[in-house]
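This briefing is for a reader meeting the structure for the first time.

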Amino acid sequence: MRSVFWEENRLKLIDQRLLPAQFQILAFDSPEEVAQAIREMVVRGAPAIGAAAAFGMVLAARRSPATTREELLADLRQAKELLDAARPTAVNLSWATARLLEVAEALTHADPDTIRRVLLEEAQALADEDVAINRRIGFHGAAVVPDGANLLHHCNTGRLATVDFGTALGVIYACQEQGKEIHVWVDETRPRLQGARLTAWELMQAEVPMHLIVDSAAGHLMRTGQVDVVVFGADRVAANGDVANKIGTYKLAVVARENGIPVYCAAPTSTVDLNLAHGDEIPIEERGPEEVLRVGGKAIAPEGTPVYNPAFDVTPHRYITGIITEEGICYPPFTQSLRAAKERAEARMAEERRQRLARLEQLRKGD
Ligand code: MRU
């Protein structure tokens, strides 16, 4: 089942806040509700956030009372701003809303209802592409994971963090599909425990051999030869290959380097932001103190303890062996390899979109 999907004219999301205790699907009817779901992490993980925001744009178009194309575009621009502001680090969010807005803007002669219809098609296409892209990431990534490998994984990058299949966890699923015998060390990933709650849940369902570890155990495992590959996802990759990902990733990469362990980041090219020269330009989200002060709703520190809670960190590119994208694995110098991968992906997507719009145009003419 997909974690983000359109059903009965509404956006539906698995409520990731409740897992693994409860499996619940929530429905959303407006861009405001979708923005709130992203902020509160009903849906999380960069590609899943992007897909949810795309459907948020569809909801904005459908709820808009606009009777002219211009009025509708104005409402869509407003919805984009609202959705983009929900969380700052994952670039997939503004990438997806920009894609939907561009499609609407490109329909220069269309009436509002046609634009509404085409936007839904585009969001569906984006969601379908996400799954196909993840499968390609998995395929490319599996090639660098030896049979019998012990992998260390951070946060959750799987079926829940994407529309389906996953990025870094997709690499692990691809290894499993290829019959490789692998074992995964699952970082619990404080403060929100995406590793313990979500990755452990996914891997148990998929019957991938694994052990859950506290984040502080990772260094010990690496130093004692129990890790062969470190693999994680990304929320934004700068043009030079610096990677913003869940807090704690940087520490893993540094310790891996110290111990001669390869470090792979798995991410779609939609996570690559060529507008930012290096990682220091990536906005890092700071979240509220309650995530640190409580575990499972229970206080673990004195009431009123001052807290600093950055949700992401930046791993400088020199610690990264390769960035696994749907276009293949990018190796240093990342400035060149990432740009080439992004350009290939964008050319492919533009051609696919052109064909989709041409098909729609033909259908319209046939009406
Ligand atoms: O705060 P989250 O749970 O949204 O953070 C998620 C991550 O850091 C993931 O590693 C990243 O988004 C990639 S998900 C395929």
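The points below go from the domain layout to the contact between the domains.

The model is predicted, so local features need pLDDT of at least 70 and side-chain atom pairs count only at pLDDT 80 or more, while totals for chains, interfaces and linings use all residues. Residues are numbered from 1 along each chain as its sequence is written, and side-chain values use heavy atoms, with hydrogens and water left out.

**Layout**
- The chain is assigned domain 1 (4-135) and domain 2 (137-344), with bounds from an automatic or database domain assignment.
- The centres of domain 1 and domain 2, taken over C-alpha atoms, lie 25 Å apart.
- Domain 1 gives 29 residues to the contact and domain 2 gives 36 residues, where contact means heavy atoms within 4.5 Å.

**Buried area**
- About 2,800 Å² is buried between domain 1 and domain 2, and 55% of it is on carbon and sulfur atoms; buried area is the accessible area (1.4 Å probe) that two parts lose on being put together, summed over both.
- Thr89, Asn134 and Arg135 supply 24% of the area that domain 1 buries against domain 2, more than any other three residues.

**Salt bridges**
- Two salt bridges are counted between domain 1 and domain 2, each a side-chain nitrogen of Lys or Arg within 4 Å of a carboxyl oxygen of Asp or Glu.
- Arg87 and Glu285 form a salt bridge, with their closest N and O atoms 2.9 Å apart.
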